[in-house]
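Here is a briefing on one protein model.

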Amino acid sequence: MQSEKKSRSKAPKARRWAVFSRTALGVFLSAGVIALPKAAHAQYAGHVSSYVVDANSGAVLSQVDPDLQRYPASLTKLMTLYMTFRALRGGEITPDTSVPVSIHASTQAPSKLGLVPGTRFVVQQAILGLVTKSANDAACALGELLGGGDEVRFANMMTQQARALGMSNTTFRNASGLPDPDQVTTARDLSVLAQHLVHDFPEYYHYFATPSFAFHGRMIPNHNPMLKTYAGADGMKTGYTDLAGHNLITSAQRSNVRLVAVLLGARSNPQRNMIMTKLLDQGFASEGVAPMAPLRQPTVLARHVRRRGHASGNTNSVVEVAEAPSGPRHYRPVGHGAKHRSVTKASIRMATSRHAVSTKKSSRHQKG
């Protein structure tokens, strides 16, 4: 009986302490005494961030919210490719190195090549799959190869490399750009990465201009419409998720002027392409380069969509998608010859900020 009375007497004290604790915690938090980690937020789809730079001089020609935190979507694959090019140059892998396809890689969401677990393909096919179709399964498999079988480890390596290049506001969580709330970047940071791809790897930069490539009996077209419509464009990459919006990085050269333009968060592919064209036109004009006519009207890369039970084959009724879904395709494991070698982990050295491309701002042609 006595212990029962003690328990009842302790209960009000416990409740009072709980109320006091919650109140005190609220006061401390509002006063900034206790700093809890904040989740990354980048939900700005429909709000454009942009950044245009002369890649040779480093002069910033225009910028709109360049440091706003954004989701990179498939622009993430530019860092996956950067890491791949470093490993190629360092001799850790070759274009013919065999890339195993894990269950994890094969189950990545579209866009994808339809890789089957237990099969293998080669590094060059993976590169081409990234620059054309933006294949998430190929990006994951390549990341696992370079990360010693672990995509998370590779993502940490990507983030370390980003810091070494001066991309202080970028964090990677996977090799593909599939949604992750903590995978964030900025237009300025992505410009740094794009410029490094141009300057650091001239021997591999040509991959970005690949119009299409053959893979297991299929022709895989390039998703980047600027290659076909904008005179002087020779790379880089599209990207899209619902939260990121429609993203695009374009590198173009006219005369002796090379521009790198980053556009994040457009509402649609047509809007994205239109804004990118204007950004590049204004950039070249500010550098004294004469305007040029478009190469041709944009070509629509689309999937067939069903409307009222009918598959539409009319290209006027479909919309270009940066991440076109593709169902898995089953094929036999393909042997790639005795010269193809496998690696368990690529030892990738980090490029440092000593080699960073200058992003010094110019007072000319800047937008708020």
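Contact means heavy atoms within 4.5 Å. This is a predicted model: local features need pLDDT of at least 70, side-chain atom pairs count only at pLDDT 80 or more, and totals for chains, interfaces and linings use all residues. Residues are numbered from 1 along each chain as its sequence is written, and side-chain values use heavy atoms, with hydrogens and water left out.

**Whole chain**
- The protein chain has 9 helices and 11 strands; these are DSSP runs (helices H or I, at least four residues; strands E, at least two), numbered from the N terminus.
- Buried residues make up 51% of the 368 in the protein chain; buried means under 20% relative accessible area (1.4 Å probe, protein chains only).
- Of contacts between residues at least 6 apart in sequence, 69% join residues at least 24 apart.

**Helix 5**
- Helix 5 (residues 136–146) is largely enclosed by the rest of the structure, because 11 of its 11 residues are buried.
- Among them are Asn-136, Asp-137 and Glu-144.
- Their cover includes helix 2 (77–89), strand 3 (98–100), helix 3 (103–106), strand 4 (120–122), helix 4 (123–131) and helix 6 (151–165).
- Gly-148 follows helix 5 and has a positive phi, near 70 degrees.

**Aromatic rings**
- Rings of Phe, Tyr and Trp (its six-membered ring) pair if their centres lie within 6.5 Å; planes under 30 degrees apart count as stacked, over 60 as edge-to-face and the rest as tilted.
- That rule gives 8 aromatic pairs.
- Phe-201 and Tyr-204 form a tilted pair, because their ring centres are 6.4 Å apart and their planes lie at 40 degrees.
- Both Phe-201 and Tyr-204 are buried.
- Ring pairs join Tyr-82, Phe-85, Phe-201, Tyr-204, Tyr-205, Tyr-207 and Phe-208 into a cluster.

Note on methods:
Buried < 20%, exposed > 50% of the residue type's maximum accessible area, 1.4 Å probe, protein only.
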